[in-house]
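Hi,

I am passing a structure over to you, along with some notes on what turned up in it. Please have a look at it first, then read on.

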Amino acid sequence: MTVKTKIVTSLIAGFGLTALSAGVWSADLPQILDKDRQGTTASVSAANEVEKLQAKTDDFQAERQSMDRENRMLEHYRNKLAAQLVRIEEATANLEKEREELRNVRIHIYPLMEDMHAAIKAFIKADKPFLKAERTARLANLENLMVDPALTDSQKMDALLDAYQVEVSYGYTVGAESGTLDNGELVDFLRVGRLGWFAINEAKGTAYTWNTDKNTWEELGGDWAKTLAAGVKVAAGVTPPDVMLIPAIPVSETPLNSANTEKEGRHE
């Protein structure tokens, strides 16, 4: 066989193999494409499932974070409530303690007010009878207040303290007023604190001093009418304040001593 013949034979054999391979490929191509489509569909389906799982995972994480935040808030709120509860319990205990103290005060306050009321009545009775109408009306009003069920103990105590304050003020002030003695004589009354209470008739040149022990007026001799008349003008604000001269007052005539003597007599 010649070389040319070999070449031709080889070409024919090659073309034959190629045609055979093409025939086999043509027969398997639809099946290959179908499998490729199935693989693609499966991949897309798997990708969708992955996306769904990822979305569920994200939702779960978000829900978990929200629950953690709510738990922290609830824990903080619970701690605040616990602190408030402790304070409420302390306030309740203090309130109960104050109520107990108030009950104890009420137990002792009424006897104290009765003693104060009796003391001021005894004091005024033993005192010089200046401003008698005013002080008698104050005592009567105080008597009504002390038995008024609509008033609280604190209001009654305020009324007592006000009455005491007015009486105390008489001890460091002076006062003057016009009036008459029991015999009808027109006079000017002069009160010098609680040291003395005098009646002066400047026109007649007579002056009197109140004797607490004897509960009566006693006439003063000498030139006391003129001296005390000048004191009346000072007390009334007619003349500027000046040194005021008054007769000596025996210590036994002070209202405090008289009230103490009367109180001791009641206790006996």
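Below are notes on the aromatic rings, the charges beside them and the sheet.

This is a predicted model, in which local features need pLDDT of at least 70 and side-chain atom pairs count only at pLDDT 80 or more, while totals for chains, interfaces and linings use all residues. Residues are numbered from 1 along each chain as its sequence is written, and side-chain values use heavy atoms, with hydrogens and water left out.

Let me start with the rings. Searching the whole structure gives six aromatic pairs (rings of Phe, Tyr and Trp, the last by its six-membered ring, with centres within 6.5 Å; planes under 30 degrees apart are stacked, over 60 edge-to-face, the rest tilted). One of them is F130 with Y170, which is edge-to-face because the planes stand at 90°, with the centres 5.3 Å apart. This pair joins distant parts of the chain, 40 residues apart: F130 is in the loop between α1 (3-126) and α2 (132-146), and Y170 is in the loop between α3 (153-169) and β1 (174-180). Helices (H or I, at least four residues) and strands (E, at least two) are DSSP runs numbered from the N terminus. F130 is buried at 2% relative accessibility, and Y170 is buried at 6% (buried is under 20% relative accessible area, exposed over 50%, partly exposed in between, with a 1.4 Å probe and protein chains only).

The charged end of R135 sits over its ring, 4.1 Å from the centre, and that of R191 sits over the ring of F130 at 5.2 Å from the centre (NZ of Lys or CZ of Arg within 6 Å of the ring centre and within 35 degrees of the ring normal).

Another pair is W197 with W217, tilted at 40° between the planes and 4.8 Å centre to centre. W197 belongs to strand β3 (residues 196-201) and W217 to strand β5 (residues 216-220), so the pair ties together parts 20 residues apart in sequence. W197 is buried at 7%, as is W217 at 18%. Ring pairs also connect W197 and W217 with F189 and W210 in a cluster.

Now the sheet. Five strands form an open, antiparallel sheet in the order β1-β2-β3-β4-β5 (strands pair if DSSP finds at least two bridges between them). Its edge strands, β1 and β5, each pair on one side only. Seven bridges join β1 to β2 (residues 186-192), and E177 stands opposite F189 of β2.

Enjoy exploring!
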